[in-house]
Amino acid sequence: MSRAFLVVMDSVGIGGAPDADRFFNGEVPDTGANTVGHIARACADGRAEQGRSGPLCLPNLDALGLGAAVHLASGEAAPGLGAATPVGLWGAASEVSRGKDTPSGHWELAGLPVPWEWHYFPDTLPAFPADLTQAVAQAAGTQGILGNCHASGTEILARLGAEHLRSGWPICYTSADSVFQIAAHEEAFGLERLLTLCRDIAPTLHAMKVGRVIARPFVGDAETGFTRTGNRHDYAITPPGKVLTDWVQDAGGRVHAVGKIGDIFSMQGIDDVVKGPDADLMAHLGRLVDTAEEGSLSFANFVEFDSLYGHRRDISGYARALEVFDAAIGPILRRLRPGDLMILTADHGNDPSWSGTDHTRERVPVLGAGRGAGAIGQAGFTDVAASIADHLGLETHGPGQSFL
């Protein structure tokens, strides 16, 4: 028997997507976006000195083959990442789903490309159709909603938080992703009331092929400012077919979710889930490496690269987060047992040097520890699921091919 660990470094893309010209940040195509490559270049040039300094330092990821994967994906060198002979499996993966969002990337990594076009709300005022806003207000028990626009979460709280406290109306907004977000004060509006509202309205949004309804609770007041809490909850469309998590369970294995994996897959094929900030999730991943059962899959997402630094176009912050992750994953990699496989990859890019605030269409790294070393070349996202199934001795479903 064996164990598998699938670790998604959210938005850690490596450039080179062959269809990047069909995806945009505003009017700017994603052609040339390269999250890791451009961060490494900024660090080498002294343009990422806030909270850190010098060339990008990722000895554990680079030893597995991250620098080699960046060059394979994009043809570009990543300064500071140049391990001559990687000690892990390494390659680059391309996505076929027609989105550069979280569900698309994760579903495809789990063996199921998205079979439809997601619905995106227009960047207009208002952003939402009248029948939808009426349905949300009715479900909330209010006379209307606030927002009704594209916005960043922090900006819209600063702008509408006080009005929300005065009126009691939920703040509804979207982004370039296929999402409908509802922000409300945990105490004045009520956390359970917010979660119930999102859960009740989610089927309406899912019928429109909107990928996620996201509850965004916050606290604070106009005088001290408003702050989002850690009680976010995503109500995602259920995958329209079986995915890797189901394959493991169907064979009698257990599936442990770390981070927002449970939300992304609507708990499909998942036995238990642990949430929290990335530092806590890393500690839990370490515990799973020490304790997970034979035949199990531990599926983790580390989101803060994306949520705290990518969308905010914070190169120094993103570089710092990569270095913290690398330092923490090193001891965990060294505790893998004989017969284990850990794959580190990503779901899309979010180049903090790029125009706009949206994700960027990129290839992603595929780094493997525990099954020897060598180049796997250009792969597909679905090959990740097929390889884990191969490692665990499972029947393979879907279009992927094992690279083991």
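How much area do domain 1 and domain 2 bury between them? The tour of this predicted model begins with that question and then turns to a pair of helices.

**The two domains**

Select residues 3-115 together with 240-392, which the domain assignment gives as domain 1. Then select residues 130-236, assigned as domain 2. With both displayed, the C-alpha centres of the two domains are found 29 Å apart.

**The interface between them**

Next, display the residues at the boundary: 11 residues of domain 1 are in contact with 9 residues of domain 2. The two domains bury about 770 Å² between them, and 44% of this area is on carbon and sulfur atoms. On the side of domain 1, select Pro-103, Asp-263 and Asp-358; these supply 44% of the area that domain 1 buries against domain 2, more than any other three residues.

**Helices α10 and α12**

Now select residues 278-291, which form helix α10, and residues 315-334, which form helix α12. Two packed helices are described by the angle between their axes and the distance between the axes. Here the angle is about 15° and the axes lie 10 Å apart. Because angles under 35 degrees count as roughly parallel, α10 and α12 are roughly parallel to each other. The crossing of α10 past α12 is right-handed.

To view the contact itself, show the side chains of Met-282, Leu-285 and Val-289 along with Gly-286 in α10. They meet Phe-325, Ala-328, Ile-329 and Ile-332 in α12. Of the residues in this contact, 7 are nonpolar, 1 is polar and none is charged.

Definitions and conventions:
Residues numbered from 1 in each chain as written. Predicted model: local features only at pLDDT ≥ 70, side-chain atom pairs only at ≥ 80, totals over all residues. Heavy atoms only, no water. Axes fitted to C-alpha atoms, helices over the stretch in contact; angles between N-to-C directions. Helix = DSSP H or I, 4+ residues; strand = E, 2+ residues; numbered from the N terminus. Parallel < 35°, antiparallel > 145°, perpendicular 65-115°, else oblique. Left-handed = near helix turned anticlockwise from the far one by under 90°. Contact = heavy atoms within 4.5 Å. Nonpolar A, V, L, I, M, F, W, Y, C, P; charged D, E, K, R; others polar. Domains from an automatic or database assignment. Buried area = accessible area lost by both parts, 1.4 Å probe.
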